[in-house]
Amino acid sequence: MLWEVDDTMRTISIVNQKGGCGKTTTAVNTAAAFAELGKRVLLIDLDPQAHVTHGLGCDSDSLEKTIYDALLQTGGVLRDAIVRTRIAGLDLVPCNMLLGNAEVQLASVPGKELLLSRCLRSVCDEYDLCVIDSPPSLGVLTLNALMASIDVIIPVQAHCCNMKGLRRLLDSVQIIRERLQSHAAEHIYLLLTFVDDRGAFGQQVQQQVRGAFGRLVLSTMIHRNVSLAEAPGAGKPVLTYAPQSRGAADYRVLARELLDELGLRGEPPAVNASVQGGGPKGLVAKSDGSRGPVGKPSRRTPGPDSIEST
Ligand SMILES: Nc1ncnc2c1ncn2[C@@H]1O[C@H](COP(=O)(O)OP(=O)(O)OP(=O)(O)O)[C@@H](O)[C@H]1O
Ligand SMILES: [Mg+2]
């Protein structure tokens with residue numbers, strides 16, 4: 001029997017097999033922005049590079065328990081690996097390089113792709129949201145992230161997007177879902193990152209991505225911003241490292257757009273200064289006074305034939 005994803009806590013994984021596209025930056029700062037909005041958030045570092053762990057100022061060598069223990073030990077308990085961060089409302093499940101062994105150690109374990117889902121069930125009443133950072137590969141760790149999440153964000157570098165690679169990734173997610181007959185990864189969101197308004201080429205790529213993938217692409221874009229690159233070195237999310245920076249502003253807007261998409265927020269959404277077309281699309285007042293998408297097409301993972309070619 002497949003392990004159902006529990007819906008009391010919404011889990012969002014950040015996935016792309018392409019390296020350096022902004023997965024970790026998005027995981028850390030979206031999680032921090034959710035916490036700033038008053039949500040109880042659990043951030044999981046599922047990448048053996050441990051960039052989330054280091055980026056939140058956590059020394060990975062001194063950890064007693066990590067996500068590795070929760071995933072691999074018999075009866076491993078996720079709660080033992082949770083640490084508080086300096087951000088109110090944001091807890092972390094850190095990792096270290098040991099997690100790199102997991103791919104090999106789990107190779108022949110039955111149900112290996114459902115280990116994280118099982119772990120998360122033990123804490124699903126304690127958090128509103130869980131955000132998972134994944135490695136730049138489609139191995140067993142990323143599979144665990146996908147199987148634990150209904151919502152998946154794929155960061156896409158605006159200046160060098162590989163459309164074929166992106167289609168292949170979407171196809172792979174679809175195949176995984178069909179093979180495992182799961183609701184996992186049902187909603188896909190493409191997030192344009194490293195956006196530079198000044199470059200004509202960057203704008204061309206943005207239009208290409210929006211033209212090809214339509215409503216899968218989030219309205220919010222993350223601009224290239226030096227504070228985003230500096231913050232991990234200070235062991236902080238950009239929201240506390242440089243609260244007034246454009247990077248912080250972008251991730252605050254992103255968090256609000258996502259909460260609207262997930263139906264977890266009642267207040268009016270903020271508008272990203274450079275959202276094309278002047279603001280979030282399809283957002284109108286609902287009868288209950290909240291704002292949310294009306295008549296908005298589903299963001300279900302498209303099948304291989306459902307994406308227009310460019
Ligand atoms: N919008 C941005 N503007 C400037 N620098 C950024 C931005 N987003 C991320 N960076 C920096 O770019 C580098 C790559 O970003 P990040 O680590 O988030 O990518 P990743 O997809 O997680 O990489 P990997 O695949 O290796 O895990 C990091 O040094 C990060 O600080
Ligand atoms: Mg990363």
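Before anything else, one definition: a helix axis here is a line fitted to C-alpha atoms, over the stretch in contact, and angles run from 0 to 180 degrees between N-to-C directions. Keep that in mind for the helix pair. And note that this is a predicted model.

So, the helix pair. The axes of H1 and helix H11, residues 246-262, come within 8 Å. They cross at roughly 70°. Angles from 65 to 115 degrees count as roughly perpendicular, so H1 and H11 are roughly perpendicular to each other. Who makes the contact? From H1, Asn29, Thr30, Ala33 and Phe34. From H11, Tyr251, Arg252, Leu254, Ala255 and Leu258. By class, that contact has six nonpolar residues, two polar and one charged.

Stay with H1, residues 23-36, and turn to the ligand. Ligand 1 is surrounded by 19 residues. The closest are Gly19, Lys23, Thr24, Thr25 and Pro136. Which element gives the largest share of that shell? H1 does, with three residues. Strand E7, residues 187-195, and helix H9, residues 226-230, also supply at least two residues each. By class, the shell splits into nine polar, seven nonpolar and three charged residues.

Now step back to the whole protein. It has 11 helices and 10 strands. There are 310 residues, and 47% of them are buried. Take the contacts between residues at least 6 apart in sequence: 74% of these join residues at least 24 apart.

On to the strands. Start with E2, residues 41-45. Is E2 mostly covered or mostly open? Mostly covered: five of its five residues are buried. Val41, Leu43 and Asp45 point one way from the strand. Leu42 and Ile44 point the other way. Both sets are buried.

E2 has two partners to show you. With strand E4, residues 90-93, E2 pairs in the parallel sense over four bridges. There, Ile44 has Val93 as its bridge partner. With strand E5, residues 129-133, E2 also pairs in the parallel sense, over five bridges. In that pairing, Asp45 stands opposite Asp133.

E7 pairs with E8 in the parallel sense, over three bridges. Leu192 stands opposite Met221 of E8. And E8 itself, residues 217-223? Seven of its seven residues are buried, so E8 is largely enclosed by the rest of the structure.

Definitions and conventions:
Residues are numbered from 1 along each chain as its sequence is written. Chains are lettered from A and ligands numbered from 1 in the order in which they are written. This is a predicted model: local features need pLDDT of at least 70, side-chain atom pairs count only at pLDDT 80 or more; totals for chains, interfaces and linings use all residues. A residue is near a molecule or strand if its C-beta atom, placed from the backbone, lies within 6 Å of it. Ala, Val, Leu, Ile, Met, Phe, Trp, Tyr, Cys and Pro count as nonpolar, Asp, Glu, Lys and Arg as charged, and the others, Gly among them, as polar. Angles under 35 degrees count as roughly parallel, over 145 as roughly antiparallel, 65 to 115 as roughly perpendicular and the rest as oblique. Two residues are in contact if their C-beta atoms, placed from the backbone, lie within 7 Å. A residue is buried if 20 or more other C-beta atoms lie within 10 Å of its own, exposed if 12 or fewer, and partly exposed in between; C-beta atoms are placed from the backbone. Two strands pair if DSSP finds at least two bridges between them.
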